[in-house]
Amino acid sequence: MIKRSFVALTKPRLSYRAIEQTPPEPKIMPVPKHATLLLNGLYDPFGQKKSVLLKKGDPVKTGQKLSLYEDSDAYVVSSVTGTISAVSSFSGDFGKSYAAISIDVAENEEIDEQFSALVTEPTLETVKNCLAFIPGNLPSVIFSPDQSSTPIDTIVICGVDRDLLITANQHTVVKESKAIKRGVQILRQVTGIDNIIMASPEHLMQDAGLSGAEVRIVNPGYPSSLPHLIMRDALGQVVPAGKSCEDLGVVFMSAEAVASLGKSFNEGRIPFQKRFNVIKKDGSSTLVSARIGTPVSDIFAAFDIDVNEKDRIIFGGPMTGTSIYSENHPIQPDTDAVMIQDYKDLALVSDYPCINCGECIPVCPTRIQVNMLVRLLEVGNYQEAADEYDLYSCIECGLCSFVCVSRMPILQYIKLAKYELDRISTVEEANV
Ligand code: SF4
Ligand code: SF4
């Protein structure tokens with residue numbers, strides 16, 4: 001997340017970057033020498049009674065499905081051909097656990113053909129079993145619906161990008177219209193959901209119209225492209241505090257995920273090239289295409305970016321991205337931007353208290369009294385923050401942090417509070 005000083009962002013209005021009518025192709029990164037795939041779930045070889053299926057020295061092919069345990073539903077699909085060099089545990093944000101599968105990449109690529117045998121008749125089972133790791137990331141609720149929740153009856157395809165300086169989805173809408181159209185057909189066929197909407201910026205209306213989905217226009221001002229605001233402004237549905245769009249039967253997915261779905265069945269091969277923006281220290285942003293699993297150090301090397309020990313590396317955009325702490329961190333199916341900030345330009349967060357200036361209140365799109373909320377969050381009074389000051393109305397746009405004169409890390413406080421309350425409620429449910 002950034003602070004006021006970030007290059008190219010100005011108050012009072014922040015606008016999404018609009019892509020050109022004929023955008024250049026992304027810069028294509030070479031296949032990495034080493035790739036790392038992050039598989040969702042706890043990797044604990046000594047605590048598990050089951051034996052681990054993957055081990056150092058195992059060969060893998062591009063397109064091969066990799067699971068840790070025999071009866072596990074969780075998998076990744078290898079984006080490269082090579083030999084497994086290590087399997088280790090990896091901790092993400094807010095308690096997320098992964099198994100990191102490291103692969104030394106071979107010179108000659110071999111393609112696993114299992115998926116190609118399944119493309120003639122697209123089914124939900126095929127999508128579930130083969131395509132959970134495609135660029136753009138298909139939301140799992142599509143193929144593993146929660147039977148106790150509201151059935152999904154609407155799919156919203158984001159032809160807009162979620163954060164500033166990012167153009168990956170817009171580029172996909174312009175350049176991959178045939179693949180998106182095929183993806184929409186497959187979604188209709190395998191899910192039975194007819195109501196498919198494309199959320200598009202006005203300047204891409206024509207391209208979005210080629211998708212076969214109904215087009216709704218999204219305002220160019222940040223944070224209009226966040227799902228809760230698309231729900232309100234483009235679909236006319238307000239998501240109540242504490243509820244998700246899925247609770248109202250609406251699922252969001254990126255244009256890139258839908259194009260990847262279409263390409264998978266058109267070509268009989270699972271795609272592995274992820275599009276994302278590289279945002280350099282001067283604020284310039286370039287669209288790149290790299291294999292999933294490519295370490296971020298390869299990206300920096302390709303752009304001649306020197307990384308100082310104190311520089312900040314962010315995955316995601318300037319308003320909502322999260323810091324990462326290793327240059328070995330891999331590009332993932334949902335990585336939309338890699339951003340680096342020079343340590344000299346960082347407006348560090350402070351431990352100054354709130355001075356009640358009120359700047360954060362008018363910018364909040366959900367009209368939360370942020371100045372009151374932050375007082376409770378600072379002292380860890382999360383339940384009262386939820387009960388009295390609308391913690392769960394927050395859509396995590398980051399605008400309050402951006403304008404805060406005391407440079408308080410408000411968005412981080414909010415995310416931590418939601419995580420802690422979720423964790424407590426999970427423990428309580430388990431003990432009932
Ligand atoms: S991040 Fe801040 S400004 Fe954005 S919705 Fe939440 S409280 Fe409001
Ligand atoms: S902008 Fe920061 S200092 Fe000002 S009222 Fe909001 S939280 Fe307090």
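**Close-up views: cavities, a pocket, helix contacts and backbone**

View 1. Helices α9, α11 (399–403) and α12 each give at least two residues to the lining of the largest cavity. Helices are DSSP runs of H or I with at least four residues, strands runs of E with at least two, numbered from the N terminus. This is a predicted model, in which local features need pLDDT of at least 70, side-chain atom pairs count only at pLDDT 80 or more, totals for chains, interfaces and linings use all residues, and side-chain values use heavy atoms, without hydrogens or water. Residues are numbered from 1 along each chain as its sequence is written, with chains lettered from A and ligands numbered from 1 in written order. The volume of the largest cavity is about 110 Å³. Its lining holds 16 residues. Nearest the centre of this cavity lie Cys364, Pro365, Cys394, Cys397 and Cys400. The lining splits by class into 13 nonpolar, 2 polar and 1 charged residues. (Nonpolar: Ala, Val, Leu, Ile, Met, Phe, Trp, Tyr, Cys, Pro; charged: Asp, Glu, Lys, Arg; polar: the others, Gly among them.)

**View 2. The second largest cavity has a volume of about 80 Å³.** The structure holds 2 cavities of 30 Å³ or more. On a 1 Å grid over the protein atoms alone, a cavity is a set of points where a 1.4 Å probe fits but cannot get out; a pocket is an open set with protein on both sides within 12 Å along at least five of seven lines; lining residues have an atom within 4 Å of a point. Points are joined across faces, edges and corners, and volume is the space filled by probe spheres on them. The second largest cavity has 13 lining residues. Cys354, Cys357, Cys360, Cys404 and Met408 are the ones nearest its centre. In the lining of this cavity, 9 residues are nonpolar, 3 polar and 1 charged.

View 3. The largest share, 5 residues, comes from α6. The lining of the second largest pocket contains 9 nonpolar, 8 polar and 10 charged residues.

**View 4. Helices α9 and α12 cross at roughly 60°.** Helix α9 covers residues 370–378, and α12 covers residues 410–431. Their axes (lines fitted to C-alpha atoms over the stretch in contact, with angles from 0 to 180 degrees between N-to-C directions) come within 10 Å. The two helices are therefore oblique to each other. (Under 35 degrees is roughly parallel, over 145 roughly antiparallel, 65 to 115 roughly perpendicular, the rest oblique.) From α9, the contact (heavy atoms within 4.5 Å) takes Val370, Leu373, Val374, Leu377 and Glu378. From α12 it takes Ile410, Tyr413, Ile414 and Ala417. This contact of α9 with α12 counts 8 nonpolar, no polar and 1 charged residues.

**View 5. Helices α2 and α6 pack at an angle of about 40°.** Helix α2 spans residues 168–175, and the α2 and α6 axes are 8 Å apart. That angle makes α2 oblique to α6. Asn169, Thr172 and Val173 of α2 touch Ala255, Glu256 and Ala259 of α6. By class, the contact of α2 with α6 has 3 nonpolar, 2 polar and 1 charged residues.

View 6. Most residues other than glycine have a negative phi, and most peptide bonds are trans. Tyr222 and Pro223 are joined by a cis peptide bond, with omega about 5°. Asn356 is not a glycine, yet has a positive phi of about 60°.
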